[in-house]
Amino acid sequence: MASTLLEQTRESHEECERLERFVVGDMKADAITHKQRLRQGHRVSRALDAMVVTTKRLRSLYKDHDRAMAEELVSFGELPAGGTKDDAIDPGETIGGDREDENSGNAAAGDGKNNTAFAAFHDRISEIRTYHEQQPGMFAPSCSQFLVPFKDDVELKFSGEESNGRFLDVHAFHGTFQNASFGETNCSYVEFLADVGCAQMRQVPRSKKFAQAYREYLAQLKAYLTRFAENTQPLSFRERDDASDSDFDQKWQEGQIAGWEDRGIGAGAGGDDDPKESGAVSSVLDDLRLCATLADVQRRFADPVDVTSSLKILGLKQGGTQTQKLERLFAVRHVSHGTYPNGVDAKLFAKGFAVARVDAKKAEEKAKAVARVEHGIDELLTGTLKLVLQNTKAMIEKKQTLTAAELEQDALEDSDFVESEDDDDGGTDFVNNPLKLPLGFDGKPIPYWLYKLHGLNVQFTCEICGNATYWGRRAYETHFKESRHQHGMRCLKIPNTRAFAEITTIAEALALHKSLESKDSNKWDKQTDEEYEDADGNVYNRKTFEDLKRQGLI
């Protein structure tokens, strides 16, 4: 660390310039693989963070709140009035020495003035020389030593399902959602990925959103998504807590948060900690108001535990059969929260029931805390991680269509891809390939005659596979048995049989399927399909055999 503030300022400017040159040089290097791009992004992000710290230190030095910089500048002194370079002290001469020229009087007068700029300057030089004479082995650190920590790669840990940050791994949250009271037991992993975010959170009843389990589920999911975004997008992802909070607060006041248009006041924000809370009562009444018949109440409150909990929140009797409990809930569906329990038959209430008074401010605070986390998760999944979520869905759907052998082959190909990314070679050899020929096993383009022999210059497009392109007749013919084409046929609800070979457009496939269904080609017909054999060994169908027999020919 420098001994003066001016030297600290100079060092800070130099650090910023070195980091800037390092960032430019690193960004000029080509990052081919996914892992190389991740490493490059984290190196640049670390350098930018260091630049931010340095610039903040510079701003504090220039603001000079404690006037230390000003005092240091004053300590250097000023040149004498009307002074010139000739008035400066010659470092080769002794300040108190005698001069023999005619200007000796002026020099003596200059030496008598304290705190002049040049006197302070030479005093500093004298101190530095004395210090280095006492410490002869000290040298200034080189530029390369300063940049060494920024050149090291950041160690990133991803699970096998995440595949180095290309896909999301939310299996743990899927299991939690299946086993929780606010989730669905029969929800598959693909359905969970399709609905995760705003769609899933809006399906959770308001009365269950204030449970401790749901709040912990949201907090853990948001923490995972935030950490994943920071690891996979170090340059584009930056936490904007202040801006995000202000944007959320504005939308909250305007009632633009999905599922919370009433700001938690209309449906309340009661929690499971106090079942008689006004918000919990309002939440149950809102759910009941959506039910027109007793059957609707039974479908909406399918879990017996939910029925008992709702009766307890409303202060109704909890005994009897399941049908009697549902009838009690159905009996209070017409009552609004503002007038509850007025208008409800007193026989339905349990002994000692008392309705809590409405605390709108407390209810809104509870609802706002839950809505803030939900809004943050939705912003991550629809913004920063939108493409990653789509790739995860496609990957899971593809794996479900593959056989065990194809899964093993896909795992081997993926492991080879990861191993190739782990190579720490600085660059790759340049391959001249102007015709863009396919590469062989040696990494070089195949001969042009072999390229023409296999028909790799012929392009085939399959609309059923999502307009995928296949080069060469062999790849085109084999793709009809691959998982992508089979998945496309299943989406069209058409069996992938031999009859649909060479069919690549959706219109032709649907027309052929309709034609085959109309013909009923697989239906058994006794007149044409049943066979008979005469004494000579001739085989006829039933209709022909009977006609010849009636004519006496056989």
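A residue counts as buried when its relative accessible area is under 20%, as exposed when over 50%, and as partly exposed in between, using a 1.4 Å probe and protein chains only. By that definition, 31% of the 554 residues of the protein chain are buried. The model is a predicted one, in which local features need pLDDT of at least 70, side-chain atom pairs count only at pLDDT 80 or more, and totals for chains, interfaces and linings use all residues. Residues are numbered from 1 along each chain as its sequence is written, and side-chain values use heavy atoms, with hydrogens and water left out.

The protein chain has 24 helices and 4 strands, taken as DSSP runs numbered from the N terminus (helices H or I, at least four residues; strands E, at least two). Of its contacts (heavy atoms within 4.5 Å) between residues at least 6 apart in sequence, 58% join residues at least 24 apart.

Helix α14 spans residues 304–314, and its buried residues are Asp306, Val307, Ser310, Leu311, Ile313 and Leu314. Viewed down the axis of α14, these buried residues fall within an arc of 160 degrees (taken from the directions from the helix axis to the C-beta atoms), so they line one face of the helix. Just after α14, Gly315 takes a positive phi of about 80 degrees.

The lining of the largest cavity consists of Leu168, Val170, Leu193, Val196, Leu221, Leu225, Leu381 and Leu389. A cavity here is a set of points, on a 1 Å grid over the protein atoms alone, where a 1.4 Å probe fits but cannot get out; lining residues have an atom within 4 Å of a point.

Terms used. 1 Å grid on protein atoms, 1.4 Å probe; cavity = no way out; pocket = protein on both sides within 12 Å on 5 of 7 lines; lining within 4 Å.
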